[in-house]
Amino acid sequence: SVERLLTMADRARRADRAERARTLYELALDLVPSDADALTGMGWAYIDLDKGAAATATFRRVLSRNERFSPAHMGLAEAYQLRGMKRDALKHYQRYLDLVPNGPEAPVARRMIERLNAK
């Protein structure tokens, strides 16, 4: 099932097995091509693999379907930062905070906005 594949993929990412996670997210996407959680996980796996362009494209794909999916904004901010695209990273950290000011990644987003504005 998609849920089982996502659980296994998330576990692989946490274990620093990004390539394995990417493969599992792909299998989940074979079952449900537009699954936002699978796409977001895939984007994070690309970040872990230092593939910023692929991560950016994946997170943008999520947001093209649901502009308010806050985890994808956080991921896109990280992908842009990985690629040295400060202004775009700032925009998506802020968008994450606009959507979920007290969300689980809010402290990270605030810290990154501060850090990027200081540069």
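**Aromatic and charged contacts in the predicted model**

The structure holds one aromatic pair. Trp-44 and Phe-59 form this pair, with an edge-to-face arrangement, 5.8 Å centre to centre and 75° between the planes. Rings of Phe, Tyr and Trp (its six-membered ring) pair if their centres lie within 6.5 Å; planes under 30 degrees apart count as stacked, over 60 as edge-to-face and the rest as tilted. Trp-44 lies in helix α3 and Phe-59 in helix α4, so the contact ties together parts that are 15 residues apart in sequence. Helices are DSSP runs (H or I, at least four residues), as are strands (E, at least two), and they are numbered from the N terminus. Phe-59 is buried, at 0% relative accessible area. Buried means under 20% relative accessible area, exposed over 50% and partly exposed in between (1.4 Å probe, protein chains only).

The model is predicted: local features need pLDDT of at least 70, side-chain atom pairs count only at pLDDT 80 or more, and totals for chains, interfaces and linings use all residues. Residues are numbered from 1 along each chain as its sequence is written, and side-chain values use heavy atoms, with hydrogens and water left out.

Four salt bridges are present in the structure. A salt bridge is a side-chain nitrogen of Lys or Arg within 4 Å of a carboxyl oxygen of Asp or Glu. Arg-13 pairs with Asp-48 in one of them, the closest N and O atoms being 2.7 Å apart. This bridge links distant parts of the chain: Arg-13 is in helix α1 and Asp-48 in helix α3, 35 residues apart. Arg-13 is partly exposed at 25% relative accessibility. Asp-48 is also partly exposed, at 39%.

Glu-67 and Arg-95 meet through their side chains in another salt bridge (2.9 Å, N to O). Glu-67 lies in the loop between α4 and α5 (70-82) and Arg-95 in helix α6 (residues 86-99), so this bridge ties together parts that are 28 residues apart in sequence. Glu-67 counts as partly exposed, with 41% relative accessibility. Arg-95 counts as partly exposed at 23%.

Within helix α2, Arg-22 and Glu-26 lie four residues apart, about one turn of the helix. They form a salt bridge, and their closest N and O atoms are 2.4 Å apart. Arg-22 is buried at 16% relative accessible area, whereas Glu-26 is partly exposed at 33%. Glu-19 joins Arg-22 and Glu-26 in a network of salt bridges.

A patch of positive charge on the surface gathers Lys-86, Arg-111, Arg-115 and Lys-119. Patches are made of residues with over 30% relative accessible area and no salt bridge; like charges are joined within 9 Å, nonpolar side chains (Val, Leu, Ile, Met, Phe, Trp, Tyr) within 5 Å. Arg-111 belongs to helix α7 (residues 106-118). Its relative accessible area is 44%, so Arg-111 is partly exposed.

Backbone geometry was also examined. Most residues other than glycine have a negative phi. Asp-16 is not a glycine, yet has a positive phi of about 60°. Asp-16 is found in the loop between α1 (2-14) and α2 (18-31). At 73% relative accessibility, this residue is exposed. Asp-50 likewise has a positive phi, of about 65°, although it is not a glycine. The loop between α3 (36-48) and α4 (52-65) holds Asp-50. Asp-50 is exposed, at 57% relative accessibility.

Conventions
Accessible areas come from the Shrake-Rupley method with a 1.4 Å probe; for residues, only the protein chains shown count as cover. Lys and Arg count as positive and Asp and Glu as negative; His and the chain ends are not counted. The place of a charge is taken as NZ of Lys, CZ of Arg, CG of Asp or CD of Glu.
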